[in-house]
Every structure is written in C-alpha cells, then in structure tokens.
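Subject: A structure for you to look at

Dear colleague,

I am handing over a structure that I would like you to open beside this message. Please look through it first, and then read my notes on what was found.

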Amino acid sequence: MHELPLVFFTVLAQGTVGLFLVLACLLMVNSDNSRQQLLNKMLMVVLVLLGISGAAAMTHLGQPLRAINVVFGLEHLSALSVEIMSTSLFGGAVFTYVAMTHFGILPKLQKLVLAGAMGLGVLLLLAIANVYTLATVPAWNSGWTVFQFVMTAFVVGIPAAALMLRTQSVLLGAYQKNADRALATLGFLVMGVVLVGYPLYLFWLGQVDLPANPLGLFEYHGSLMLARLALLFVGMGLWVISATRGSNAVVGLTAFSTIMVLMAELCGRIFFYDLHMFASGM
Amino acid sequence: MTQLGFYVDTAKCTGCKTCQLSCKDENNLKVGVNWRRVYEYGGGDWMQNADGTYEQNVFAYYTSISCNHCAQPACTKACPTGAMHKREKDGLVVVDGDVCVGCRYCEMACPYGAPQFDAEKKVMTKCDGCYDRVEQGKMPICIESCPLRALEFGPIDELRAKYGTEADIAPLPDSSLTLPSLVMKASRYAKPSGDRTGRIINTREV
C-alpha cells in the first residue's frame, strides 16, 4: 500500500498533538519553577516526534524536493495545503515556545504562545481529518473520520505523556505520581469511549452504500481489527490498572503500553486507508 | 469560455479498447498508466417465470471513460499545488508536471479514476483532451481511432443540444458530485448510477 507513509504521519502527528496537549495543560496550571523547566524540556521531544512524522509524510511525495509548492494550494484552500500549513504552524509555535523558555525571552508572553500552540494543535487534528472527509469517498466522508483521528490523539498522547513524566519521577516526586493517577483516570475514560465508539463506527460502516462490503475487502482485515482492539486494550489496560492501583513510577511498563497503543492505532489507520473506495467502484 | 467535453455511446461501444490503446500510443504511456479506461459493467440473475421455469437476465456493457473535464473538478479542489488546473480557454483539466509534487491526493478525490500516477516521472498525469491536436483542428486520438464511432468530442453545449444531458449511468458516480462535461447514451441494458445489481468486471484492467 502506497499510503503507508501517511499511516505513520497521521498517527504520529495526532499522537504528538495529544502528548503536547497533556504537557501543555500541565504547564498551564503549574506554578513551580523547576518543574516548569523540566516540562519545557520535555516539549523538545514533541518537536522531534513532529519532525519524524513530517519526514514520514515527505516520503509519500513523488517529488519531495518540490514540497514547497504546497503553498500554492492555499489560494483555493486545498485541504491538503491547509493540513501541511497547520503542521508547520503548530511545529513553529511549539518551537517558538521552547526557544522563548530556553533563552528566557519575554517571560510574560510565554504562556500566550503556549496557548496559541494548543489552539494550533487542535486545529491540526481537525485539518488532518478534513483532508479525508472527501465528498466522493463515502466510507471516509463522515464525522467518524474526525472521531477516529481525534481519538488517536487521546489514545496515544495520554500514555505517552505518562511515560515522559515517569522518566522524571525522581525529580518530580509526588507531583508525577498525582499526574500519573490523573492521566490513568483519563485513560480509563478514553477506553470507555473507544469501547463504545469503535463498534458504533463499524456498524455505521456496514450500512454505507458501497459497491463492495467494506468489512470484507481484504482477508487480513478481520485479524487487523482484532489486533487493534487487543493491542489497544492490553496496552492501555496494563498501564491504567497498575497506575490506579498505586504503581506510578515503573517506566518499562508504560513504555510497553505506549508502543502497544501506537501499534493499535497504526493497525486502525491501515484499515482506514484500505477503505478508500468510490461509491461507483471505479 | 467554451467547455470541451466527451460524448460516449454505450450502445455502440463493443469494448474493443482501441481508444485506450491509441491514447497510450499517442501519449507514450507505460503499463499501468491509462488515461482512457474501458469499464466493463455487467451482472445478472435467474428470474422465475409464472410457470415455475427460470430465465437469466445477464447483461454487460462498456463505458469508455478518460477525464470528464468536470465543471467542478474534485481533483483541482484537492490539489495542494495548483498543478492540477482547469484551463480558462477550453475548460480542459490539465496537470502541470513541473509543479506537481506527486502527493496523489487528486487520485483519492476523483471518482472517475482520471488522475494516473506515473511511477517513473513521480508525478500525476492524466487525459489532457489532446489539446495540442485540438489546437491544430484535429480531434483527440481516442475519438479518431474508435472503430465504432462511439466517441465524440467538442463543445459540451453542442453535444448536449445534440444528445441530451445523461451522465448518470453505472458504473459512473452521481454526476452532481463534480458536474462532468460528459454526455452518455444509454445502451439497452444500461443501469443508473448507484446501481448495485451489476459490478465492474474487468477490475484488473482498469
């Protein structure tokens, strides 16, 4: 499948936005100075991950050296141009914030830039979904695309943020434990939404008027969906259950969970791209 | 602005694919790149008569489709670079191969499968209505090569005045999506767009 780079880009970019939003929320309500510096440094990881996802997207282009041409599409608001611009603006805003805090530039404006970056992050999630809600592709043209893309941010972002905080558990002390528990509670709620949302999505998919059964397109789809749910629930579950039971500092377990949910979302996204089909079947 | 477009007579077309091949020859297209494609649409079932006997109603017909140079193209709207553009002069939808980044988003958007990715050039290519030939007063190569005279090309207003406005024949999508500059003549067995009793049979060819 030639969309594989896009599978990586969309999942990684969405997960990174999720991770950023969690860290940014923590920063917004934080008042401790040394903690603030540590959290600021963590945002560099966001930049690195965003860079990796951007590089993955570039490999999908036939002519990556001409990538700058995508600015021309802004003239007619091409969904793809808007998506790429949102990615750049989001990355630019996070970079600006990190640079401002690192070099101590305009301390009073830093929170404002952070808020702007949060807004751009949400905008990016919607811009990615907007690329795929094409009127000519019935299996994509619905709110379920937005739902899935936003859920990826939660599903990947929350355990990833917990993982980052756990790596600094010694320095952060009780703050990290409380944050971990709060994130685990949020993760538990997200699992609930997924448990209701994904089956509903599949039901919806089953009744879309298409030339072929969208749930029977490829032999491997059955195992792919099963793998996705298993990876997601085992990955998320291991961390959520252990965290709510008081184990809030083990890095390895959360790393394992984060990798599992990432893989779950990659499986889900492969399935999503496989559904590309016109109502006509042409 | 004149809008050029195609007329396809599915009652005359026998699915010989000369149009597809002459197009490949004229434009030096490689295997896997088809600016014109002939979709074989067929289906059928067993029908029970009043006396309990059974009869089949098998059908098949061909739709030769290249690019419909739509009035509201999904591809130009999707294109992030503007490489895929609609010419002011004749309404033909053409890719500028020097601007295209090869993202293949137009391919995802066009419900007629017109944009074709050239794996060697790494850019999108598609039917350009043979505008170079048209400027010399000739017809596109597919039109001239059709042995059944099932294809016509010209100002879409004239074609519509002559043949009507039908463009919703299976397996083509609902024409309200992109407003194709296309007039179809239905064959005896033609089904409307959105029909689910038949299917595209030559999927590996198109």
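Before the helices are compared, one convention is needed: axes are lines fitted to C-alpha atoms, for helices over the stretch in contact, and angles run from 0 to 180 degrees between N-to-C directions. Helices (H or I, at least four residues) and strands (E, at least two) are DSSP runs, numbered from the N terminus. This is a predicted model, in which local features need pLDDT of at least 70 and side-chain atom pairs count only at pLDDT 80 or more, while totals for chains, interfaces and linings use all residues. Residues are numbered from 1 along each chain as its sequence is written, and chains are lettered from A and ligands numbered from 1 in the order in which they are written.

Helix pairs in chain A

Helix H5 (residues 143–167) and helix H7 (residues 174–206) of chain A have axes that come within 9 Å and cross at roughly 155°. That angle makes H5(A) roughly antiparallel to H7(A), where angles under 35 degrees count as roughly parallel, over 145 as roughly antiparallel, 65 to 115 as roughly perpendicular and the rest as oblique. The crossing of H5(A) and H7(A) is left-handed, a word used if the near helix is turned anticlockwise from the far one by less than a right angle, with right-handed used if clockwise. Among the residues that meet are A:Trp144, A:Phe147 and A:Met151 in H5(A), and A:Leu183, A:Val190 and A:Trp204 in H7(A); two residues are in contact if their C-beta atoms, placed from the backbone, lie within 7 Å. By class, the contact of H5(A) with H7(A) has 18 nonpolar, four polar and two charged residues, where Ala, Val, Leu, Ile, Met, Phe, Trp, Tyr, Cys and Pro count as nonpolar, Asp, Glu, Lys and Arg as charged, and the others, Gly among them, as polar.

H1(A) and H4(A) also pack at an angle, here about 155°, with their axes 10 Å apart, and they are therefore roughly antiparallel to each other. Their crossing is left-handed. The contact includes A:Val17, A:Phe20 and A:Leu21 of H1(A) and A:Leu114, A:Gly121 and A:Leu125 of H4(A), and by class it has 13 nonpolar, three polar and no charged residues.

Domains of chain A

The domain assignment of chain A gives domain 1 (1–132) and domain 2 (135–282), with bounds that come from an automatic or database domain assignment. The C-alpha centres of the two domains lie 20 Å apart, and the contact takes 24 residues from domain 1 and 26 residues from domain 2 of chain A. On the side of domain 1 that touches domain 2, helix H1 (4–29), helix H2 (33–58) and helix H4 (110–132) of chain A are the elements that give two or more residues, and H1(A) gives the most, with 13 residues.

Sheets and loops in chain B

Strands of a sheet pair through backbone hydrogen bonds, either parallel or antiparallel. Chain B has an open sheet of three strands in the order E5-E2-E12, with antiparallel pairing; two strands pair if DSSP finds at least two bridges between them. Strand E5 (59–65) and E12 of chain B stand at the edges, each with a single partner strand, so one side of each is left without a neighbour in the sheet. Seven bridges join strand E2 (residues 37–43) of chain B to E5(B), and B:Glu40 has B:Tyr62 in E5(B) as its bridge partner.

Another open sheet of three strands in chain B has the order E10-E1-E11, with mixed pairing. Strand E1 (residues 4–9) and E11 of chain B pair in the parallel sense over four bridges, and the bridge partner of B:Phe6 in E11(B) is B:Leu182. H6(B) packs on this sheet, touching E1, E10 and E11 of chain B.

The peptide bond from B:Ala170 to B:Pro171 is cis, with omega near 5°, and B:Pro171 lies in the loop between helix H6 (156–163) and strand E11 (182–185) of chain B.

Where the chains meet

The contact takes 29 residues from chain B and 28 residues from chain A. By class, the side of chain B that touches chain A has 20 nonpolar, six polar and three charged residues.

With best wishes
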